[in-house]
Amino acid sequence: MKALIPDHIIEMKKIVKTGRVLLDESDRYSYAFDASFGTYLPDAVIQTKSVQELAMLVKFANRENIPIYPRGQSTSLSGGPLPLQGGIVIDLSVMDNVLEIYEEDLVAVVSPGVLTASIHKAAEEKGLMYPPDPSSSHVSTIGGNLAENSGGPRGLKYGVTKDYVIGLEVITPEGEIIQIGGKTVKNVTGYDLTKLIVGSEGTLGIITKATLRLLPKPLGTAALMAIFSTLVDAGKAISKILSSGILPSKMELMDQASIVAVENYQPMGLPTDAEAIILIELDGHPLALKEEVQSVECLCHSVGANKVIIPQNSLEKEEIWKARKLVSPAIVRIKPTKISEDATVPRSKIPEMCERLQQIKKKYNVNLVVFGHAGDGNLHPNIICDKNDLEEMTRVEKAVAEIFTAAVELGGTLSGEHGIGTMKAPFMEMELGQIGLDMMKRIKKAWDPNDIMNPGKIFPEPGQKLELK
């Protein structure tokens, strides 16, 4: 890869006529990190709303072998947008000018810099719903969600981002603008390139517009909080409910460490003596909801729930979900560094994964907090630590590696929604095998022959290891 030279900068400024080329070191440092680990200084940062300018810029970068790094709001927990090899960061958060709802077609057309929460709001104003709801939706862009195939609590019933993307406008690594998919729900014309791009973490192109499928908003919702004396019993309750024929829209798990952290952060009357609680949301017709709430309550008690709390009004319902939202800010008060993982296992393996996590916690003496979207097996084991304590970070690295190993051994995956980026690249072969990983590399080579598009992500370098220190 080439470093930028004065002639490159002159050409970039000629191309980017309506936007900005940021070259000052202070500006570039603002784009040198994300929500994961590591600081990597880019050579330049581009901001423009013009798709044509971006395409010309990519064509120039491909010709000159200059790396390109697409970036949204930089909420990535896996190192997705980090400019590992310098080069050019494309700030797509400024490309927020398109948000159109087509009620009759049940679709939204959006540009990549639109906040996901803005799509939720616009859809709801029309009586519709965009189901994917990552916890970062109020700050994350839809482009970043598309790159990482984000999920969220509603993924249990409604699926994840890729299930709602039916069309894309993409700039290829060679600087061509292509349209894939469209506004129709059914489309089997050739290979499904739309699904290939979603979740590719910016390694196959730059998404400049997306067509998203919407759904009618449910008529009603109901919630429950089930309290358990053991984490394993909570896992059994999740499996029991899901095999009963009832499909909640959300099913979130909080272990004792996260319960205590939230209570210390903002007292809400949570049961700190419980080893786990499950927060459940059901949606649908109000008459059906009453029966489902009663059934879920009985199922929880049948596997050992100490207590099931059913909110009686919208305020009480909001309080239940507030507890889950406070976990992340609460746990970082314990120690300043948070390692947030999203290893995912088959639903039937949730109790066993919970047991494995407790064993890892004791084995490496780490502050491990377990919460997350337990209904679809997407647990979020978070390790709270201090990155300045090198001895502790060594133990943390070993614990994280064992969490990934446990998930794969139980038939699961390294990542349910955070992506691979740099953090999980060393473990890719463990899940995919050598041949599976090689097939992905071939696809990357075909799309991006000069490897300019977000290089250093997903695919491990020889001998690469997880490094958090």
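Tutor: By class, the lining of the second largest pocket has 12 nonpolar, 9 polar and 7 charged residues. Here Ala, Val, Leu, Ile, Met, Phe, Trp, Tyr, Cys and Pro count as nonpolar, Asp, Glu, Lys and Arg as charged, and the others, Gly among them, as polar. The model is predicted: local features need pLDDT of at least 70, side-chain atom pairs count only at pLDDT 80 or more, and totals for chains, interfaces and linings use all residues. Residues are numbered from 1 along each chain as its sequence is written, and side-chain values use heavy atoms, with hydrogens and water left out.

The lining comprises 28 residues. Nearest the pocket centre lie Gly199, Ser200, Glu201, Ile420 and Met440. A pocket is an open set of points on a 1 Å grid over the protein atoms alone, where a 1.4 Å probe fits, with protein on both sides within 12 Å along at least five of seven lines; lining residues have an atom within 4 Å of a point.

The volume of this pocket is about 710 Å³. That is the space filled by probe spheres set on the points, with grid points joined across faces, edges and corners.

Which elements give two or more residues to the lining? They are α7 (193-197) and α15 (428-447). Helices are DSSP runs (H or I, at least four residues), numbered from the N terminus. α15 gives the most, with 6 residues.

Elsewhere, the axes of α13 (residues 350-364) and α14 (residues 390-409) come within 10 Å and cross at roughly 160 degrees. Axes are lines fitted to C-alpha atoms over the stretch in contact (heavy atoms within 4.5 Å), and angles run from 0 to 180 degrees between N-to-C directions. So α13 is roughly antiparallel (over 145 degrees) to α14.

Terms used:
Angles under 35 degrees count as roughly parallel, over 145 as roughly antiparallel, 65 to 115 as roughly perpendicular and the rest as oblique.
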